Amino acid sequence: MKRLLISSLIYALSLTALAEGMQPFTAEMEAIRHGAIDIKARGTLQLRETAPDEWHYRLSTDGRTLSLREESWLTVVDDQIRPTRYEFESKVFWVKTTKSLRFDHERQRVTGRVEKDRIDEGFAAPIYDAIGYQLALQQALARGEESITLNVLRHKRPDDMSFRVIGEEMLQLPQGEIYTWIVEQTEPVSRDERKLIWIAPGLGYTPMRFGRYEDGDLKEEIRVLSLQLNGQRVDFSQQ
């Protein structure tokens, strides 16, 4: 579950958060790692506005085998999302991982720590952190783009993440059926690996499900259980 919950679970549910009109939300989700014994965890993803054009994006889970806290502080400048601070802490069984980063957009440098390693790297704008890039992906989809590449600092250095729209599907979820686009992550992926995202354009391009496959077999998935937008609960049976 570590790859999906610490890489893709952080991806889950930016919801109707476009820079020109981001909406606060709270989403409850379930993540499953399939294997001889399935490992499950539940989490909450929340986006809230802390001041005009300033936002806080937070993912948290708390399970017996996995706990995770990932946070991004963002500003919106000329309709462009900019990360200013990023914090990450996870524990999978007995293994703990931490990251702490600061983004200086005037100097175009990111500083901080990943585990015990000090980070001091230049970057080319625009750049996104490992959770905030979700919002930029939604912006691109809303503009009608079908092939998208973003500059993301996922680990110790910025690198490209690429996506493409490959189809559509009426997605069956525990709370009902919803129309979605299927988006494939094309880079970075390892050999024999496939990552798919089911996004609901009718709900502000909200990711509703994530799947990671190896040799065609579903290994990890995340799905939305409930969602509130601007304090109003979404009735998926009416979508």
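The side chains of Arg-154 and Asp-159 make a polar contact of 3.2 Å. A polar contact is a pair of N or O atoms within 3.5 Å; within protein, one must be able to donate a hydrogen and the other to accept it, and residues adjacent in sequence count only if both atoms are side-chain atoms. The model is predicted: local features need pLDDT of at least 70, side-chain atom pairs count only at pLDDT 80 or more, and totals for chains, interfaces and linings use all residues. Numbering starts from 1 along each chain as its sequence is written, and side-chain values use heavy atoms, with hydrogens and water left out.

**The loop between strand 10 and strand 11**

Arg-154 sits in the loop between strand 10 and strand 11. Helices (H or I, at least four residues) and strands (E, at least two) are DSSP runs, numbered from the N terminus. Arg-154 has a relative accessible area of 17%, so it is buried. Buried means under 20% relative accessible area, exposed over 50%, and partly exposed in between (1.4 Å probe, protein chains only). Leaving aside neighbours within four places in sequence, Arg-154 contacts Lys-99, Ala-130, Asp-159, Met-161 and Pro-188. Contact means heavy atoms within 4.5 Å.

Arg-157 belongs to the loop between strand 10 (147-153) and strand 11 (158-173). Its relative accessibility is 55%, so Arg-157 counts as exposed. Not counting residues up to four places away in sequence, Arg-157 touches Glu-121 and Val-152.

Strand 7 (residues 109-114) and strand 8 (residues 117-122) run antiparallel and are joined by six bridges. Two strands pair if DSSP finds at least two bridges between them. Val-114 has Asp-117 of strand 8 as its bridge partner. Two residues lie between the strands of this hairpin, and Glu-115 takes a positive phi near 55°.

His-56 is in strand 3. With a relative accessible area of 7%, His-56 is buried. A 2.8 Å polar contact links the side chains of His-56 and Glu-71. Beyond four places in sequence, the residues that His-56 touches include Gln-46, Arg-48 and Trp-73.

The structure holds four aromatic pairs. One is Phe-25 with Tyr-57, edge-to-face, at 6.2 Å centre to centre and 75° between the planes. Phe-25 lies in strand 1 (residues 25-33) and Tyr-57 in strand 3 (residues 54-62), so the pair ties together parts 32 residues apart in sequence. Rings of Phe, Tyr and Trp (its six-membered ring) pair if their centres lie within 6.5 Å; planes under 30 degrees apart count as stacked, over 60 as edge-to-face and the rest as tilted. Phe-25 and Tyr-57 are both buried.

Charges also sit over rings, as tabulated here. The criterion is NZ of Lys or CZ of Arg within 6 Å of the ring centre and within 35 degrees of the ring normal.

| Charged residue | Ring | Distance from ring centre |
|---|---|---|
| Lys-99 | Phe-88 | 5.2 Å |
| Arg-209 | Trp-198 | 4.4 Å |

**The nonpolar core**

The largest nonpolar core has 59 residues, and those touching the most other members include Phe-25, Leu-150 and Phe-236. Helix 2 (residues 133-142) gives the most to this core, with six residues. A nonpolar core is a set of buried Ala, Val, Leu, Ile, Met, Phe, Trp, Tyr and Cys residues joined through side-chain atoms within 4.5 Å.
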